[in-house]
Amino acid sequence: MDIFFQLLLNGVVIGSYYILIALGLSIIFGVLDIPHFAHGSVAMFSGYIAYIVVSSYNANIFVAIIISIIFATIIGVILEIVAYRPVANAPPINSFIIALALMMVIDNVATVIFGSNQVSIKSSSNQVFNFGSVTLSEQRLYLLLTTFILVTGLYIFMKYSKTGKAIRAVSQNKEAAQIVGINTNRISSIVFGLGSAMAGAAGAFMGILFALYPAMGGHTVMKGFAVLILGGLGSFPGTIIGGLLIGITENFGVALLSSSYKDLFAFVILIIVLVFKPSGLFGNRGL
Amino acid sequence: MSLKVNNLSIAYKGIEAVRGVSFDVKEGDITVIIGANGVGKSSILKGIMGIEKPTGGEVLYKGNNILKQPANKRSSTGIALCPEGRQLFHKMTVQENLEMGAYARKDNQINKDLEEIYKKFPRLSERRNQKSETLSGGEQELVAIARSLMAKPDLLILDEPSWGLAPIMIDQVVSIIEDINKEGTTILLIEQNANIALKMADYAYVLDVDGFVLEGTGEELLKDKKVQEIYLGA
Ligand SMILES: Nc1ncnc2c1ncn2[C@@H]1O[C@H](COP(=O)(O)OP(=O)(O)O)[C@@H](O)[C@H]1O
Ligand SMILES: [Mg+2]
């Protein structure tokens with residue numbers, strides 16, 4: 001039984017990572033209709049920045065996480081302005097191609113700069129909490145807490161703040177948003193900044209809990225999209241349930257079957273859900 | 001003069017939808033533009049609001065050429081548009097829609113105005129926490145009008161507010177617009193329903209594909225032979 005709870009907890013931890021990634025993809029797609037394939041690459045690159053800050057400057061991991069978040073936010077805003085905005089009114093295929101190209105460029109630049117070997121971020125303290133025989137490392141707890149805080153914060157921001165309402169307005173009716181005086185370019189930048197900030201946190205934790213390698217950008221974003229579609233495009237609770245479901249399934253799948261199929265489980269469960277509910281678990285758009 | 005449009009042209013992908021139209025909206029008036037489907041009425045409004053970039057001409061509001069300002073500054077200059085087809089934020093509540101109408105305002109009277117609006121539109125007050133997509137078509141039109149009023153405009157532009165409404169609802173919308181005008185707001189009303197629009201008009205223009213073909217007071221146009229034939233089905 002303990003092994004069951006351990007797997008469940010591990011699943012929730014990895015699910016948190018997917019939630020952080022998928023929420024960014026979700027608001028970016030929900031508001032701007034951009035399939036931001038470079039999102040995982042932003043997470044990866046920011047994770048490397050956190051790695052450098054820790055390994056070269058001996059920084060505390062919290063400082064590294066914050067620097068990673070700031071770095072990702074800036075990169076996200078730059079990508080929006082420089083790469084996506086020029087094609088904002090062009091056919092959707094243009095931003096699709098640009099997104100793919102950005103993913104490849106960032107992953108390749110990372111390989112050139114950081115090499116293709118895996119690295120991980122060393123923490124100075126390694127406390128482990130025991131609940132019976134179920135264990136949770138200090139760092140994993142931090143990921144759970146960070147995810148909880150960012151998700152709750154984003155939810156409150158979107159629901160109650162003036163800017164959050166403006167973001168929802170743009171996602172629901174861009175023209176009406178312009179009519180009431182919303183600067184839609186500014187909203188696009190904010191959305192990219194917010195979404196990328198979450199990716200920055202995710203990237204740093206990937207380095208702290210597991211390992212960083214340039215190709216993880218592509219792997220991560222595919223998982224992120226799987227979560228998004230599983231949960232139902234644009235649904236906040238759907239993204240959270242979807243992330244947890246994929247994280248948990250993956251952990252049980254690996255334990256019960258084989259780790260060589262690790263990346264398969266997410267897509268098997270995705271296909272099963274879509275067969276029965278084509279719009280995803282909470283399908284029905286609307287932030 | 002509230003609004004003065006000079007030689008405004010708008011094109012979509014090189015195809016001209018509006019060819020050099022000029023018209024005036026006098027302060028305090030209800031000015032009406034009637035015209036058949038597809039002659040460019042809504043495009044003119046998109047040009048005025050900065051949603052489409054005009055290919056030529058100027059739009060003077062209280063003497064300033066507003067085309068030089070970014071689109072999102074339009075509503076803070078005192079112009080509000082109640083767009084064709086309502087264009088509500090469908091997943092937002094009625095109240096959130098109204099709050100969005102006041103988005104560009106910086107003053108602290110917004111909550112007070114919201115309560116005023118609810119007094120004026122009791123139906124919306126009852127439904128303030130309901131998502132706007134769950135409302136009937138008539139109620140949605142009221143939300144759209146109320147949302148544009150939340151901007152506290154000096155000039156309110158309405159694009160076919162009678163569209164798709166039951167006759168009893170049309171009467172209500174007409175009297176709401178007349179009330180808004182009596183309280184001092186200048187109105188520019190776009191309509192295909194010439195019969196109701198011309199009765200409200202202080203001054204009116206008839207638009208067809210070649211531009212404005214007729215203008216005059218509401219009474220003059222109601223009596224006009226051509227208007228009666230084409231737009232009033234007489
Ligand atoms: N976004 C658009 N892209 C291309 N053509 C458009 C667009 N909007 C309107 N048009 C065209 O411009 C012309 C005028 O349309 P519109 O301004 O909506 O007319 P009205 O409001 O008088 O019905 C029509 O021929 C219409 O097909
Ligand atoms: Mg129209």
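## Magnesium site

In this predicted model, two protein residues coordinate the magnesium ion, ligand 2. Ser42(B) contributes its OG atom and Glu84(B) an OE atom, at 2.0 to 2.6 Å. Ser42(B) belongs to helix H1 of chain B, whereas Glu84(B) sits in the loop between strand S6 (79-82) and helix H2 (94-101) of chain B, so the pair ties together parts that are 42 residues apart in sequence.

Are the two residues buried or exposed? Ser42(B) has 17% relative accessibility and counts as buried because the limit for that class is under 20%. Glu84(B), at 34%, counts as partly exposed.

For Gly40(B), a polar backbone atom is 3.0 Å from an oxygen atom of the ligand. For Val39(B), a backbone N or O atom is 3.3 Å from a ligand oxygen atom. Taken alone, ligand 1 exposes 560 Å², and the protein buries 60% of that.

## Aromatic pairs

How many aromatic pairs does the whole structure hold? A search over all chains finds 15. One of them joins Phe4(A) and Phe5(A). Their ring centres are 5.4 Å apart and their planes stand at 80°, so the pair is edge-to-face. Both residues count as partly exposed: Phe4(A) at 36% relative accessibility, Phe5(A) at 40%.

Phe23(B) and Tyr205(B) make another pair. Here the centres are 5.8 Å apart and the planes are at 65°; the angle is over 60 degrees, so this pair is edge-to-face. Phe23(B) lies in strand S2 (residues 15-25) of chain B and Tyr205(B) in strand S9 (residues 203-208) of chain B, so the contact ties together parts that are 182 residues apart in sequence. Phe23(B) and Tyr205(B) are both buried.

## Aromatic cluster in chain A

Which residues form one aromatic cluster? The members are Phe45(A), Tyr48(A), Phe71(A) and Phe114(A).

Conventions
Residues are numbered from 1 along each chain as its sequence is written. Chains are lettered from A and ligands numbered from 1 in the order in which they are written. This is a predicted model: local features need pLDDT of at least 70, side-chain atom pairs count only at pLDDT 80 or more; totals for chains, interfaces and linings use all residues. Side-chain values use heavy atoms; hydrogens and water are left out. A polar contact is a pair of N or O atoms within 3.5 Å; within protein, one must be able to donate a hydrogen and the other to accept it, and residues adjacent in sequence count only if both atoms are side-chain atoms. Accessible areas come from the Shrake-Rupley method with a 1.4 Å probe; for residues, only the protein chains shown count as cover. Donors are N, O and S atoms within 2.8 Å of the metal (3.2 Å for Na, K and Ca); water is not among the atoms, so sites may look incomplete. Helices (H or I, at least four residues) and strands (E, at least two) are DSSP runs, numbered from the N terminus. Buried means under 20% relative accessible area, exposed over 50%, partly exposed in between (1.4 Å probe, protein chains only). Rings of Phe, Tyr and Trp (its six-membered ring) pair if their centres lie within 6.5 Å; planes under 30 degrees apart count as stacked, over 60 as edge-to-face and the rest as tilted.
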